[in-house]
Amino acid sequence: MNRNNQPNYPVIYELLKQLCRNLAGDKSNDVLKVVTRMISSKPNSIQHHGNPSASANESTIVARINRLLAGRSQASVNVFNGFYEELVSMTESKQRTPILEFLFCIADSDKGASASGLQVDLRSDVGGAGTMDSVFSKLSVDSGVGSSQRLMKSRSGGAVSGSTGSLVSDVDGPVVDRNELEDLLIQDVIYACTGIQGKYLRKNFVTGEFKLDHIHGRNLNACDAGMLLRLAEVGYYYNKVSKFTNPSSDSYLMGNFGQGYITALQKELTNYYGLIANLQEHLDRQKQTGEGAERMTLIRTMVWLVEPMERLQWLAVISEACREIKGGALASAIHKFIWHGDPMVRTISRELLQSACIPLQQMLSQWLTDGKIVDPHCEFFIEELTDVGYNRLWHDEFRLRTAMVPSFISDTLAKEILVIGKSINFLREVCKDRAPVPERTELKKCLNERLDYLYSPHNNTELHVLIDSVYLKTSKRVLDIVLGPHQLFDHLKAMRDYLLLGQGHFADVLMENLKPELDRPAKDIYQQELFSIVAAAVRKSTSEQEEPTVLNYLDVHFLSPCEGDTGWDVFCLTYKVQGPLVAIFQPVQCTYRALFKQLWNMKRFEFILYGIWRSHMLNTRCYKPIANDISVIKQHLQTYCSKMINIITQMQYYILFEVIECSWEQFSARVKQAKALDDVLESHDKFLDRIRTGIFLDESTHLFTSCLEQIFTSIRKLDEWQTNFNKVCNREMDARKAYEDYIKSSEVKGTYGVNTERALERDEELHHFEAKLVQCQKTLNAIGVEYENSVHLFLYKLAISSTESLPQLCMRLDYNEYYKHRDERLSETLTFQHMRKSMASNFGRK
């Protein structure tokens, strides 16, 4: 505008001339004629546009343009909004408003134009018959740059109308038709299917996804853009799958199982590559021959790629589930898809599992037939520990890797597979039995030919039957050897008799003979001396005329002594075996020592109580001269001693008969029914666990041990008290005898009687004796009170114990309800419900 607010036509003309030259090229003169004619016929629009006060604001103009374009198509609105965003990023607001207002006036100048889009061929002679809309179809969102079609090079040289409007050239390109655009789009799809970005599709190298090119993609209509992005998903899934086969990728699967899985993936990708090659060949032939009745279109390409895309999608899902795992865990991850509802997914997962389990097939074949493990990547569900001593071969040399057990192998089957190989190694390495595995050839053949039986939902397949058969035969072979030539059960019986003190009066004889030695300090005792005493006790307690064979295995074991320990604290019996039995018995030696120490300790205090009673009965006659003085004390001593003997005797009966003997009967029955060595060892462990519970050594009953220790402490104090009491009584007996002898000697001398000094001395001795008796009475009562408190606590814990047999023991120990009447807590717990529950459990056990 000039100073008079009139349009500066020369400047406008020069600007339009440059614009037409840039847009129309060689035809710029013809286009310029039409434009100048249009402006000259509507000068008010230029003037109105040049007046900022009359113009609307930017948002209002954008809304008007959108309403205008919405009447044509939604794709036009989308394309305009894209151009508008670029315009916003490149210009200021005061520059955008005039531009948008001018373009709106130009587009709205001819209401008679076709609503579906303007069709113009800029290469034709426009002359004076053209309209302004035809010229600016280059700028309209329904044609040219704003068209939803990509401008391609035309083969025919003429204008061709597509399905969505006329196709014109790019800024510098000639006009192309719909077929050529579709060929270009299909070529981009083929590129994307192999992970390569093209002209219209750009690849995100981080996520592997494809998106439309921000420049060329804007020229596509919504239908083609959507179809292109949909087909590009094939390339996205291909990128995800191909990463798992690329050794340089962090998704590459390691190990033998992973390599088997990759082999199956590569086979799938090879078939996929063949399909893509067919597509490319068909497209190349189509470009050479031109149009045909069976022309490849985007729709037909979609039909071709539907199944490959679905397969790649599921391959990607399965592969993601296998990321960063190996071995049996990888097989379990694949096996989850075996029972998918889609038949195609089931087929794919079965093929992948079949290939991934080829190393498992080889490992199982070697393990089940030769007992060998070849597992460089730690993928097999059985592992071999190399640093295991000879005495732990059966228990610790081989074990299950729980995380590597495939989900299609049950716990029972995994255990059988473990035992088969372990038995083969045990027979070969320990028993020196190198006989071949029964049914070895059939099992190996079945593994090589029908591995799919392994992940069959049925457990009665030929492979399962063969594994069960080999398991039973190899286990029976091991069991026959250890029970037959090596006499496993006889050794177990000997351990029960001598380590658990179940052999007749062996414990009584041994206790009586060892007491003088064990009362000495531990550091002054020699193991060889004690063994001779043990051997003598064994000979006295057995009915065999010949030397007992158990002496070849029974031995004395000393625990590590501490300062001040006596022989009672360190003495222990042990049982030593040789050959294959070492690998079986060695792990339980510590358990047997702990059981022996507890049983031996209880036997010791029973022996102490019988010694107190024996001494009490012998001294009754010896202390007749002072019977009147000590009668009350003797009565209390007899009462307390009887109570203690009753408790200890009942405890001994409970442990020896209800715990050890009943557990042994159950164990013997299970040994006769055992089919494998592990069945015997498992039953033996249960046998020991029941004894540990019965004598209060396990975690659930260890609280009773402290109560028993308090009772044992009271017995020990009573023994010490009796020793001191006997000293007091003996001293008084000696004093009375000396006094009587003095009187008799005075009769011989003729003095008859005692003098005053001697009588006073005797009176002083009597007073001292009486004071000692009072002190002994108080000490005895204190021991009795402490003992009864300990018994009350012990009985209360027995009564409220969750172990079903212990409340019955509580009733036995308090059979006359003596303690119940003196402790209110026992009145609440010793109810009929507890008795019935305990009795029922006892009858059930028997």
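**Salt bridges, overall make-up and cysteines**

In this predicted model, R202 and D213 form a salt bridge whose closest N and O atoms are 2.9 Å apart. R202 belongs to strand β3 (residues 201–203) and D213 to the loop between β4 (210–212) and α9 (222–243), so the bridge ties together parts that are eleven residues apart in sequence. R202 is partly exposed, at 31% relative accessible area, whereas D213 is buried, at 6%.

A salt bridge also joins the side chains of D555 and K576, with an N to O distance of 3.0 Å. Here strand β7 (residues 554–558) supplies D555, and the loop between β8 (571–575) and α23 (580–585) supplies K576, so parts 21 residues apart in sequence are tied together. D555 counts as buried at 18% relative accessibility; K576 is partly exposed at 49%.

R736 and D629 meet at 2.8 Å, N to O. This pair links distant parts of the chain, with R736 in helix α27 (residues 703–749) and D629 in helix α25 (residues 627–673), 107 residues apart. Both belong to a salt-bridge network that links D629, E732, R736, R762 and E765. The count of salt bridges comes to 34.

The protein has 31 helices and eight strands. Of its 846 residues, 47% count as buried. Among contacts between residues at least 6 apart in sequence, 70% join residues at least 24 apart.

How many disulfides does the structure hold? It holds zero. The closest cysteine sulfur to that of C572 is in C590, 9.8 Å away, which is too far for a bond. C572 is buried, with a relative accessible area of 0%, and C193 also counts as buried at 0%.

How values were computed:
Residues numbered from 1 in each chain as written. Predicted model: local features only at pLDDT ≥ 70, side-chain atom pairs only at ≥ 80, totals over all residues. Heavy atoms only, no water. Disulfide = S-S within 2.5 Å. Buried < 20%, exposed > 50% of the residue type's maximum accessible area, 1.4 Å probe, protein only. Helix = DSSP H or I, 4+ residues; strand = E, 2+ residues; numbered from the N terminus. Contact = heavy atoms within 4.5 Å. Salt bridge = Lys/Arg side-chain N within 4 Å of Asp/Glu carboxyl O.
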